[in-house]
Amino acid sequence: MDRIHTIPVLDALREPKNCAFCVMRENLERTSVQFIISPAYMEDDVRRETNRAGFCKLHLSAMYDAQNRLGMALMLHTHLLCINKKIQDLSKGDLTFKWPGKNKSDPIEKTRDFLQKTDASCYVCERVEDTFERYIDTFFHLWGKGGKEAELIASQKGYCLPHFIKLLDVAAGFGKSKRERFTEEFVGKQQNVMKELADDIEWFTLKFDHRYSEESWKNSRDALLRAMALLGGENG
């Protein structure tokens, strides 16, 4: 397994958080934005991809906040020129009225379809998703080979539901014995984590009852925040 992916996976597993994949994702989002506003934006292959895919609103904001305004401006300049050139090319032709959806060669429809695809894509999202999938593959490789890495995985407290679903997606393709091991090591622990959190949430609600006002908060003070992190993920 490529060490370039092993290192960030192991680093995230060592973080004292409930979901190591949220840590991986957060770090990956940050480094991907840093990459695109670094001198990489001057590389022809990177510029071709950014011109093709563009950027979503979230990552445009993240790039702006990263404070490299010149790099961002240079990149967006060529991206805007690329979009406008495509619109000019598509708009050439017969502009006589046609019923919507009846003629895909109509320049208005072709321009609309092109802009919809451009608006729905993002270079940073694609980069993050591709690398994150490799992180998941690396995670299961480390788990499967045993040793200290597998022990580190076994020590995890649990995962947020969005990322636990991703683990289940991969595990669905395992053979019988590996599926049984996954169920024993992951599913049971996840059930325990959710049960403990549900208990903390319940105690949080009871603290609003005057009968329990003098009781300790136990482990419930941050229960709402932990429930939000578990149900929605800390970073997608």
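Which helix holds both Lys85 and Asp89, and how many residues apart are they? Both lie in helix H5, four residues apart, or about one turn of the helix. The views below come from a predicted model.

**View 1. Lys85 and Asp89 form a salt bridge.** Their closest N and O atoms are 2.8 Å apart. Lys85 is partly exposed, with a relative accessible area of 45%. Asp89 is also partly exposed, at 36%.

View 2. A salt bridge joins the two, with the closest N and O atoms 3.2 Å apart. Asp130 is partly exposed at 42% relative accessibility. Arg134 is partly exposed too, at 42%.

**View 3. Asp200 and Arg226 meet in a salt bridge.** The N to O distance is 3.0 Å. Asp200 sits in helix H10 and Arg226 in helix H11, so the pair ties together parts 26 residues apart in sequence. Asp200 counts as buried, at 15% relative accessibility.

**View 4. Arg25, Glu29 and Glu129 belong to one network.** Salt bridges that share partners join them. The whole structure has 15 salt bridges.

**View 5. The largest nonpolar core has 43 residues.** Among those touching the most other members are Phe21, Phe139 and Phe186. Several helices give two or more residues to this core, including H1, H2 and H10. Helix H7 gives the largest share, ten residues.

**View 6. Phe139 touches Val9, Leu13, Phe21, Ile153, Tyr159, Leu167 and Phe186.** Residues up to four places away in sequence are not counted here.

Technical notes:
Residues numbered from 1 in each chain as written. Predicted model: local features only at pLDDT ≥ 70, side-chain atom pairs only at ≥ 80, totals over all residues. Heavy atoms only, no water. Core = buried A, V, L, I, M, F, W, Y, C linked by side-chain atoms within 4.5 Å. Buried < 20%, exposed > 50% of the residue type's maximum accessible area, 1.4 Å probe, protein only. Contact = heavy atoms within 4.5 Å. Salt bridge = Lys/Arg side-chain N within 4 Å of Asp/Glu carboxyl O.
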